[in-house]
Amino acid sequence: MDCVVCEKPSGYNRVVVELESGVELGGLCVRCETEKFGELGDELVDHDDQTCVFCDRDGFWALPKWLPSTYESEGRTVSYVDYDVSTTGFQLCDEHLSRVGVDDLSVPVATDAPREYITRSTDD
Ligand SMILES: [Zn+2]
Ligand SMILES: [Zn+2]
């Protein structure tokens with residue numbers, strides 16, 4: 001997944017998701033997050049409105065953080081990353097997402113491709 005701002009591989013920092021559809025637009029790398037949102041970072045953790053963090057419009061995009069998790073499988077600890085759109089307060093409207101440098105807000109066509117887990121093997 002590439003960063004929506006600099007278009008380089010974003011790693012597992014944040015993902016930009018269209019709230020209504022759940023379709024991922026792309027990632028947001030640490031460098032661009034710091035550059036564009038650095039001063040907001042800490043406040044956003046406690047921001048639980050369903051509105052854009054910069055204005056009063058409804059959030060159209062969510063930028064949840066990838067969170068490392070682990071589970072036990074056959075005596076081994078398997079680690080993976082996941083995110084939860086419903087619990088993130090980091091939401092942006094169209095205008096403010098484009099203002100951080102995202103030119104193309106057209107979401108990719110939804111696919112059924114599995115998420116890019118680092119490692120994952122589960123039976124469910
Ligand atoms: Zn970037
Ligand atoms: Zn806004």
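Predicted model: local features only at pLDDT ≥ 70, side-chain atom pairs only at ≥ 80, totals over all residues.
Residues are numbered from 1 along each chain as its sequence is written, and chains are lettered from A and ligands numbered from 1 in the order in which they are written. Local features need pLDDT of at least 70, side-chain atom pairs count only at pLDDT 80 or more, and totals for chains, interfaces and linings use all residues, while side-chain values use heavy atoms, with hydrogens and water left out.

Helices and strands are DSSP runs numbered from the N terminus, with at least four residues (H or I) for a helix and at least two (E) for a strand. Strands of a sheet pair through backbone hydrogen bonds, either parallel or antiparallel. Here, two strands are taken to pair if DSSP finds at least two bridges between them. Four strands form an open sheet with antiparallel pairing, in the order β2-β1-β3-β6. Because β2 and β6 each have a single partner strand, they stand at the edges, and one side of each is left without a neighbour in the sheet.

Within this sheet, β1 and β2 are joined in the antiparallel sense over four bridges, and V17 stands opposite E24 in β2. The hairpin of β1 and β2 has five residues between the strands, and G22 takes a positive phi near 80 degrees there. At the other end of the strand order, β3 and β6 pair in the antiparallel sense over two bridges; A62 has Q91 in β6 as its bridge partner. As to burial, a residue is called buried under 20% relative accessible area, exposed over 50% and partly exposed in between (1.4 Å probe, protein chains only). By this criterion four of the five residues of β2 are buried, so that the strand is mostly covered.

The zinc sites come next. Donors are N, O and S atoms within 2.8 Å of the metal (3.2 Å for Na, K and Ca); water is not among the atoms, so sites may look incomplete. The zinc ion (ligand 1) is coordinated at 2.3 Å by the SG atoms of C3, C6, C29 and C32. Four donors count as tetrahedral if all angles lie between 85 and 135 degrees, and the angles of 104 to 115 degrees around the zinc ion (ligand 1) make its arrangement tetrahedral. The donor residues of this ion follow the spacing C-x2-C-x22-C-x2-C in sequence. Because C6 lies in the segment before β1 and C32 in helix α1, this pair ties together parts that are 26 residues apart in sequence. C6 is partly exposed, at 22% relative accessible area, whereas C32 is buried, at 2%.

C52, in the loop between α2 (41-45) and β3 (61-62), and C93, in the loop between β6 (91-92) and α3 (94-99), are 41 residues apart, and the pair links distant parts of the chain. C52 is buried, with a relative accessible area of 2%, and C93 is likewise buried, at 4%.

A nonpolar core is a set of buried Ala, Val, Leu, Ile, Met, Phe, Trp, Tyr and Cys residues joined through side-chain atoms within 4.5 Å. The largest such core has 20 residues, and those with the most contacts inside it are V5, V16, L28, L63, L92 and L97. Both β2 (24-28) and α1 (30-37) supply at least two residues of this core. Beyond its neighbours within four places in sequence, L28 is in contact (heavy atoms within 4.5 Å) with residues including C3, V5, V16, F37 and L63. A second, separate core of seven residues includes V15, W66, Y83 and V85.

Rings of Phe, Tyr and Trp (its six-membered ring) pair if their centres lie within 6.5 Å; planes under 30 degrees apart count as stacked, over 60 as edge-to-face and the rest as tilted. The structure holds six aromatic pairs. In one of them, the rings of Y12 and W66 are edge-to-face, because their centres are 5.1 Å apart and their planes stand at 75 degrees. Y12 lies in the segment before β1 (14-18) and W66 in the loop between β3 and β4 (67-73), 54 residues apart. Y12 is partly exposed, at 35% relative accessible area, whereas W66 is buried, at 6%. Ring pairs link Y12, W66 and Y83 into a cluster.

Methods:
Tetrahedral: all angles 85-135°; square planar, octahedral: opposite > 155°, others 65-115°.
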